[in-house]
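Q: I have a structure open and want to go through its side-chain contacts. Can we take it one topic at a time?

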Amino acid sequence: MPRETRDTVSPTVPDIPEVLADFIDYGHDADTFQHDVITGLGAARKAIPPKYFYDERGSRLFDAICALPEYYPTRTEVALLRAHAAEIAALLGSDACLVEFGCGSLTKVRVLLDAAPDLGGFIPIDISREHLLASAVSLAADHPGVEVAAVCADFTQPITLPPAAARRRRVGFFPGSTIGNFEPRDALAFLRTAARQLGTGGGMVIGVDLVKDAEVLRAAYNDSRGVTAAFNLNLLSRINRELSGSFEPRHFRHEAVWNADDSRIEMHLISRRAQRVHACGRSFAFAEAETIHTENSYKYTVEGFKALAEQAGFAHRRVWMDGDGLFSLHYLDVA
Ligand code: AVJ
């Protein structure tokens, strides 16, 4: 780039859209997919982390899951956010900065923003760059009074929050029971890091899916239209597209089971036959019925989650639940 023009561009991203106060790209997604696939398929018990479900097609399939009759979490949580938005807004107070971890299409936070006109800032953090940028721009345009600064990063990695957050009381927003994707000890570590980053006097609004009847759980992850199966199998198509894979998705099948001992739904892709598959320039052998473990979705009791949050350095302030006890929304204070 010619010297004369250099000082006119931002040090982070050359083209920050005007409605955004900041756009910081940590570049966390470069090469990690390839690395995690090589490691995951090479292991004795094959596994690929669930964060790789969300390419463009995967994100669309996830949105479709959220609208399924069997998938109760999304509609239940949105109803809780709507019903208690005014009380949550009061807890946020005036000129707070909301920090959303792994934000997707930002539909849930809009419920809070619409009810909290005093909010000062909003920082969405997400690994999916284009999706994040488009969602953040559209939200910023709809809320000109809120300072919106997007951060493209893996939210489990340490990052420095932009100035929009540094000057304000910070409240985390972590909806959707994404916390359930962590092993319990990683959930604790994540909450500890978040508490430190949000700082004393800060808070956290977090959605947590609850332990319930096994049949209700099983149905939510084995929907009758096969959308969850397509979502799970899309991981193989993504490997084909991005890592020169040779997977035949029809030679695998989706399985989701409730593991009561570990209080989690497990998703697997099960090989229908003995086969050899290529990806990343390597070869991987599958025995018949061998599985790739693609997701854990831990379910908590209210008491269990409360204990976890307290262990991580939060004081548990408030819990809201639907009448059937399907899903919980919590407000935590950084102790
Ligand atoms: C986004 C992790 C909360 O575990 O319910 C939905 C993902 N997987 N159906 C969940 C998911 C299959 C979802 N989380």
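Q: Which residues does His-254 touch, not counting residues up to four places away in sequence?
A: His-254 touches Tyr-221, Asn-222, Thr-228, Ala-229, Asn-232, Met-267, His-268 and Leu-269. Contact here means heavy atoms within 4.5 Å.

Q: What kind of model is this, and how are residues numbered?
A: The model is predicted, with local features needing pLDDT of at least 70 and side-chain atom pairs counting only at pLDDT 80 or more, while totals for chains, interfaces and linings use all residues. Residues are numbered from 1 along each chain as its sequence is written, and side-chain values use heavy atoms, with hydrogens and water left out.

Q: Back to His-254. Where is it found?
A: His-254 is in strand β7, residues 252-259. Helices (H or I, at least four residues) and strands (E, at least two) are DSSP runs, numbered from the N terminus.

Q: Is His-254 buried or exposed?
A: His-254 is buried, with a relative accessible area of 14%. Buried means under 20% relative accessible area, exposed means over 50%, and partly exposed lies in between, using a 1.4 Å probe and protein chains only.

Q: Next, aromatics. How many aromatic pairs are there?
A: The structure holds 19 aromatic pairs. Rings of Phe, Tyr and Trp (its six-membered ring) pair if their centres lie within 6.5 Å; planes under 30 degrees apart count as stacked, over 60 as edge-to-face and the rest as tilted.

Q: What about Phe-101 and Phe-190?
A: Their ring centres are 5.3 Å apart and the planes are at 85 degrees, so the pair is edge-to-face. This pair links distant parts of the chain, with Phe-101 in strand β2 (residues 97-101) and Phe-190 in helix α9 (residues 184-198), 89 residues apart. Both Phe-101 and Phe-190 are buried.

Q: And Phe-155 with Phe-190?
A: That pair is edge-to-face too, because the centres are 5.8 Å apart and the planes are at 75 degrees. Phe-155 lies in the loop between β4 (147-152) and α8 (163-166), 35 residues from Phe-190. Phe-155 is buried, at 18% relative accessible area.

Q: Which residues do ring pairs link into a cluster?
A: The cluster consists of Phe-101, Phe-155, Phe-174, Phe-182 and Phe-190.

Q: How many salt bridges?
A: The count comes to 20 salt bridges, each being a side-chain nitrogen of Lys or Arg within 4 Å of a carboxyl oxygen of Asp or Glu.

Q: Where are the partners of the Arg-241 and Asp-55 bridge?
A: Arg-241 is in helix α11, and Asp-55 is in the loop between α2 (32-42) and α3, 186 residues apart. The N to O distance is 2.7 Å. Arg-241 is partly exposed at 48% relative accessible area, whereas Asp-55 is buried at 9%.

Q: What about Glu-87 and Arg-318?
A: Their side chains meet in a salt bridge of 2.6 Å, N to O. Glu-87 is in helix α5 (residues 85-92) and Arg-318 in strand β12 (residues 314-321), 231 residues apart.

Q: Last one: which residues of α3 are buried?
A: In helix α3 (residues 56-66), Gly-58, Ser-59, Leu-61, Ile-65 and Cys-66 are buried. What covers them includes α4 (72-83) and α11 (227-242).
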